[in-house]
2 protein chains.
Amino acid sequence: MSSAKQRAYQLWTVPKDMLPFQLESGEKLHELEVAYHTFGSLNEARSNAVLVLHAFSGDSNAMKWWYTMVGPGKPIDTDKYFVICSNVLGGCSGTTGPASINPQTNKPYGFSFPIPSIRDMVRVQALLLDHLNVKKLIAAIGGSMGGMQALEWAKTFPDRLKSSIVIASTTRLSPQNIGFHVVGRNAIMSDPNWNGGDYHEHGGPKKGLSIARMLGHITFLSEEAMYEKFGRKVRKHGRNSPLSFGEEHEVESYLWHQGSKFVERFDAATYLLLTKTMDYFDFSDGYNSLEEAFAASSCDFLIISFTSDWLFPTEQSRDMYRALLRAKKSVTFSEIETNKGHDSFLLPNPEMEDLVRAYLEARR
Amino acid sequence: MSSAKQRAYQLWTVPKDMLPFQLESGEKLHELEVAYHTFGSLNEARSNAVLVLHAFSGDSNAMKWWYTMVGPGKPIDTDKYFVICSNVLGGCSGTTGPASINPQTNKPYGFSFPIPSIRDMVRVQALLLDHLNVKKLIAAIGGSMGGMQALEWAKTFPDRLKSSIVIASTTRLSPQNIGFHVVGRNAIMSDPNWNGGDYHEHGGPKKGLSIARMLGHITFLSEEAMYEKFGRKVRKHGRNSPLSFGEEHEVESYLWHQGSKFVERFDAATYLLLTKTMDYFDFSDGYNSLEEAFAASSCDFLIISFTSDWLFPTEQSRDMYRALLRAKKSVTFSEIETNKGHDSFLLPNPEMEDLVRAYLEARR
């Protein structure tokens with residue numbers, strides 16, 4: 001098998017007779033392409049598929065960004081499972097999004113791209129599964145925004161999955177979460193290169209996007225993880241004064257570096273759209289309770305949270321778990337002790353790895 | 001007594017023979033003005049003075065921003081005490097700072113203004129006390145950055161105060177605190193109207209400053225306080241689509257409003273400088289321990305923290321308290337149960353009010 005890094009995504013162009021694709025907002029897409037990776041092989045019974053759902057800044061190359069979880073011999077074992085991962089609708093890694101050409105104007109959508117809902121993303125994934133001849137999944141699994149999609153799968157396509165694995169996620173954002181998104185969006189839209197979202201043909205709001213990402217990184221890390229990573233170490237350079245802007249704490253250099261790297265691979269309009277997607281996500285919207293929102297689901301649920309995650313605190317996963325119990329669903333909840341914060345789901349974690357491995361194995 | 005709102009500050013021009021004022025960084029100020037308010041009267045024995053120290057965005061008008069604590073009949077009772085509050089060095093509410101004219105260039109300092117240390121601020125306050133003929137304070141009291149100054153008073157001028165009252169503060173910032181400051185500073189410096197800090201004669205980086213403030217506000221509030229204030233209420237306006245940028249969560253409108261208000265009264269260069277002042281503050285720097293850093297202090301200490309303050313968590317106040325105990329100082333520590341977050345020190349809080357009232361009364 002070639003290394004994950006070298007694999008490019010495959011692109012599926014949704015056939016004309018399946019279009020337009022109408023979003024929950026009522027807006028329509030008249031062209032739709034889906035970037036995806038598959039790893040491993042679909043067995044003859046077509047019964048070994050696992051759908052991996054990426055988080056906000058992920059892409060379809062799950063073996064790269066989730067190297068601890070996806071690959072030969074890994075918990076989501078590509079020697080056993082046919083693993084599918086696609087870039088979300090509105091994304092910027094191959095699937096139709098703000099940088100795509102709007103066939104009605106022959107120019108990039110930019111900021112006029114409709115805000116997808118989590119359900120819209122999941123509906124596109126279901127079309128892709130049809131295309132790949134996969135009727136039923138062993139599991140839909142994802143962390144953070146990927147977990148929201150795993151939840152939505154259980155609600156929208158209850159017959160198409162045996163299990164939903166929801167990691168470091170939530171049924172809806174807190175006002176604090178939304179507040180951080182507001183700051184990030186304003187940083188992007190205040191950048192003069194934002195140009196009202198019309199920038200895809202001439203650069204983009206890199207400074208604003210970089211600031212939004214720096215803020216994101218703080219929220220992904222626990223305070224303890226930040227102490228471990230940086231302490232209060234000061235990196236000296238420039239002016240030799242003991243109190244000057246030529247001196248930086250290590251955390252400053254780190255965030256700056258993270259911000260700068262990010263703008264090379266991510267699209268600012270996607271940042272705006274997908275943060276709004278998450279802000280609007282509310283799993284129990286239209287129901288009287290969370291319990292009721294789960295009523296139509298028939299799959300098993302595995303809920304995993306991390307003690308030091310302050311972005312989507314473990315209490316929110318516990319609420320999910322309790323609602324699923326009240327709804328008499330089959331549910332396993334594991335709160336994993338770690339000091340790494342929200343980031344934990346992307347990092348090596350033997351407890352999470354063992355749990356997911358066993359959970360999938362039991363449902364093969 | 002006229003209302004607090006109507007009182008303008010007094011301005012003290014530091015006499016030439018006391019200048020230049022040399023900062024810890026080695027840089028020198030050749031002109032220095034201090035904006036201050038006094039409330040109440042100094043008694044004949046000159047023994048009833050209380051110094052109030054403002055936080056990051058405060059000013060000298062303590063009766064306005066700390067209306068719950070300062071005034072006739074209030075805990076810091078202006079019928080009993082001679083209350084002094086001055087705008088900090090580097091501030092933007094009357095005391096010499098970035099918007100002041102640099103006598104060497106006849107233009108505003110802008111970003112070339114030196115970064116003051118907490119000790120520099122306190123040394124300017126001590127000069128003001130000399131000018132006001134106050135030798136010894138009943139207390140130096142402040143919250144947040146004001147608490148850092150109260151701590152520094154106890155170290156730098158141990159003979160000039162009977163007590164140091166440190167509320168919702170810390171002996172040093174965490175990497176997470178510094179990270180939030182980094183994001184705010186970058187938002188300001190990325191605004192094209194920042195112009196390298198040379199903007200005092202033609203507008204300023206209002207968008208960047210507003211973004212920095214929005215972020216600050218999130219960190220001042222607890223998650224629970226945000227739920228209470230906003231829930232997940234959506235404010236609809238503009239486009240009628242269920243998922244659009246014409247719709248906002250209430251938290252978005254609130255933060256936007258806070259940011260917009262702030263830029264009318266605050267200076268961007270002061271924002272940069274004073275966040276660096278706090279980043280560099282480390283009370284035990286140069287000592288082997290926090291305990292040792294307190295060794296030379298001879299005053300009583302009252303440490304107050306709030307359970308839901310996640311900016312300067314209560315654990316940091318507990319560390320202060322323990323170090324003071326080990327240093328065999330007279331210390332009272334009160335962790336106050338509240339769900340209002342860091343903001344608590346500025347809000348009505350009977351427990352804090354009663355405590356400070358009694359503590360000052362016992363030291364009259």
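This is a predicted model: local features need pLDDT of at least 70, side-chain atom pairs count only at pLDDT 80 or more; totals for chains, interfaces and linings use all residues.
Across from B:His37 stands B:Cys85, a residue of strand 8 of chain B. Now widen the selection to residues 33–39 and 82–86 of chain B, which are strand 4 and strand 8. These two strands run antiparallel and are joined by four bridges. Strands of a sheet pair through backbone hydrogen bonds, in either a parallel or an antiparallel sense.

Next, show the whole sheet in chain B. Its eight strands follow the order 1-4-8-5-11-12-15-16; the sheet is open and the pairing is mixed. Go to the edges: strand 1 (10–13) and strand 16 (331–336) of chain B each have a single partner strand, so one side of each lacks a neighbour in the sheet. Stepping from one strand to the next, the twist averages 20°.

Finally, turn to where the chains meet. Here 43 residues of chain A are in contact with 43 residues of chain B. On the chain A side, select helix 4 (175–190), helix 5 (206–220), helix 6 (223–230), helix 7 (250–263) and helix 8 (268–280), the elements that give two or more residues to it. Helix 4 of chain A has the largest share, 10 residues. Colour the side of chain A that touches chain B by residue class: 21 of its residues are nonpolar, 12 polar and 10 charged.

Definitions and conventions:
Residues are numbered from 1 along each chain as its sequence is written. Chains are lettered from A and ligands numbered from 1 in the order in which they are written. Two residues are in contact if their C-beta atoms, placed from the backbone, lie within 7 Å. Ala, Val, Leu, Ile, Met, Phe, Trp, Tyr, Cys and Pro count as nonpolar, Asp, Glu, Lys and Arg as charged, and the others, Gly among them, as polar. Two strands pair if DSSP finds at least two bridges between them. Axes are lines fitted to C-alpha atoms, for helices over the stretch in contact, and angles run from 0 to 180 degrees between N-to-C directions.
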